Amino acid sequence: MNRLTCDQVRDNLLERWLDGGLDPETAGSIRDHVESCAECLQEKEALEAEAEILHGALMRVAEERRPSLNTAKVVNISIVQPLRRRILRPVWLGLAASFVLAMVFVSWEKIIPTGTNDLPTVELASVEAKPGDQVIIPVRAKNLVGLCGLKARIRFDSRFLEVQAGGESLGQIGVKGNEITIAALSADGWRDSDGIAFKLPVTVRQTVPPKTVINLEIVAVDVTDSRNIKMEASPRDGSIHIL
Amino acid sequence: MKSTEVGVDLVYIGENEECGTPCHPDGKMNHEAMEKTDSDILRVFFAGDQGALETIFRRYEVRIYAYCRNILGNREDAEDALQETFLRISRQRSFEGDRVQAWIYRIALNVCRSHLRKRASRISRELRSEDTLPQTPAPTPAQVYAKQVTENEVSKAISALPEIQREVIVLKYLDHLKTPEIVDILEVSLSTVEGRLRQGREKLRRILIGSKER
């Protein structure tokens, strides 16, 4: 192999070959040359060693990421307070949505006081979470005394949260698209005037940016007399059927 | 459809139905089909399954973080850039083609460029470092790395490169990308990528050998 060819190879072609930018024919010629030329082989090995050193240095910074993820980022899940509805037995209060009145932030699992009248309400507590966390959002239905059926529809942003549908001790959670349906039915009457507590399990997606506020919006609350009512809930599609 | 009633208790309907998306009856993710290609997963995502993006995120988060960290130079900005990258992806409506990696890197690249545009002082610092480099023939890799450079020294040298050279050096060596793949990401010609790679490598070697001689 003559010297000029080695100069050509080492001047430009060797790096371009290792970078993967040469056409197959030229790449084949370089490979043949390197396999038969000790000096060019040595140069190739030096370039490969350089690549490994650079790769190691560039990847080293990735190791620092996990600790910062666990300490630096917080996602607030806000509270939205719904309109209140009167109990009109035995018919539904209607399926029309109640919209947001106020948005309040509180600390972990703190329930917001909502006044002292006897109208039924549903409240969501706010939580703080990090991306990837599984958290329970406390939901409290208040002033549901007696034989009641409760259905609340809550809108959420599925880009940020994943909601676990399924059974809960007091009822069912269904998810369809961006809407959660919570349904509960009292068989023998709720007597706790402080209300009933419902646990809404959600997972905060890893892709949530830092300092994001995720709003959960209660769009409808329906309360009915539970006597002579049977309810079917499908956590698969979020529908609740009153029979 | 199966339907069961037990007194006034709530009961499930449709229990035996095929689970569509989004559907997580056991509380776990159902997007863990890691054998699927990135393109397949993105199609699921754009069909409405928001959770599919998490699979993509898990596949790329380390590399994209490392890319942003090496381009931007600090953890906070890199973390923000990583999140911004995936937020931008989440806002996309569609993806055509099968070069998902190039697409994600290109979004990260644009995010990083936006960050850097806000840093006029950094650019002037880069220009200064470029001006002060000795304009002698570039040392060979063997000459540079025979001197036991540390990863820290290499990181500092990479961060001292001009932005356009740093971009290609990081893309090339972080993920062992081939030059045609870098062409896809940067959307410039092959000769431009090769030129920047060559200049970047030479400058890197000069910086490293200079730091050893001082």
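Is B:His176 buried, partly exposed or exposed? B:His176 counts as partly exposed, because its relative accessibility is 38%. This residue sits in the loop between helix H8 (163-174) and H9 of chain B. Its phi is positive, near 55 degrees, although B:His176 is not a glycine. The structure here is a predicted model.

| Residue | Relative accessibility | Class |
|---|---|---|
| B:His176 | 38% | partly exposed |
| B:Leu186 | 7% | buried |
| B:Glu187 | 59% | exposed |
| A:Glu50 | 1% | buried |

B:Leu186 belongs to helix H9 (residues 179-186) of chain B. With a relative accessibility of 7%, B:Leu186 is under the 20% cut-off, so it counts as buried. B:Leu186 and B:Leu171 are 15 residues apart along the chain, and 9.9 Å separates their C-alpha atoms.

B:Glu187 lies in the loop between H9 and helix H10 (190-213) of chain B. B:Glu187 is exposed, because its relative accessible area of 59% is over 50%. Its phi is positive too, near 55 degrees, and this residue is not a glycine.

A:Glu50 takes us to the other chain. A:Glu50 is part of helix H3 (residues 38-60) of chain A. A relative accessibility of 1% makes A:Glu50 buried. Which residues does A:Glu50 contact, leaving aside its neighbours within four places in sequence? They are B:Pro141, B:Tyr145, B:Tyr173, B:Arg201 and B:Arg205.

**Helix H2 of chain B and the cores**

H2(B) covers residues 52-72, which is 21 residues. From first C-alpha to last, this helix reaches 28 Å, close to the expected 30 Å. Still, H2(B) has a kink of about 55 degrees, centred on B:Tyr60. Most of the helix is covered, with 17 of its 21 residues buried. After H2(B) comes B:Gly73, with a positive phi near 90 degrees.

The largest nonpolar core has 62 residues, and B:Tyr67 and B:Cys68 touch the most other members. H2(B) gives the most to this core: twelve residues. Beyond four places in sequence, B:Tyr67 touches B:Tyr105, B:Ala108, B:Leu109, B:Cys112, B:Glu167, B:Val170, B:Leu171 and B:Leu174. A separate, second core has 32 residues. Among them are A:Ala152, A:Ile154, A:Phe198 and A:Leu216.

**Chain A as a whole**

Chain A contains four helices and 16 strands. Of its 243 residues, 52% are buried. What share of the contacts between residues at least 6 apart in sequence joins residues at least 24 apart? In chain A that share is 71%. The chain exposes about 11,100 Å², and carbon and sulfur atoms supply 51% of that area.

**Where to read with care**

The average pLDDT of chain A is 66, and 57% of the residues score at least 70. Residues 67-117 of chain A stay under 50. The model has 147 contacts beyond four places in sequence for this stretch. Residues 233-243 of chain A are also below 50, with 45 contacts beyond near neighbours in sequence. Where pLDDT is low, the predicted coordinates should not be read in detail.

Methods
Residues numbered from 1 in each chain as written. Chains lettered and ligands numbered in written order. Predicted model: local features only at pLDDT ≥ 70, side-chain atom pairs only at ≥ 80, totals over all residues. Heavy atoms only, no water. Helix = DSSP H or I, 4+ residues; strand = E, 2+ residues; numbered from the N terminus. Expected span 1.5 Å × (residues − 1). Bend = angle between axes of the 7 residues up to and from the residue. Buried < 20%, exposed > 50% of the residue type's maximum accessible area, 1.4 Å probe, protein only. pLDDT = per-residue confidence, 0-100. Contact = heavy atoms within 4.5 Å. Core = buried A, V, L, I, M, F, W, Y, C linked by side-chain atoms within 4.5 Å. Areas by Shrake-Rupley, 256 points an atom, 1.4 Å probe, with all protein chains shown as cover.
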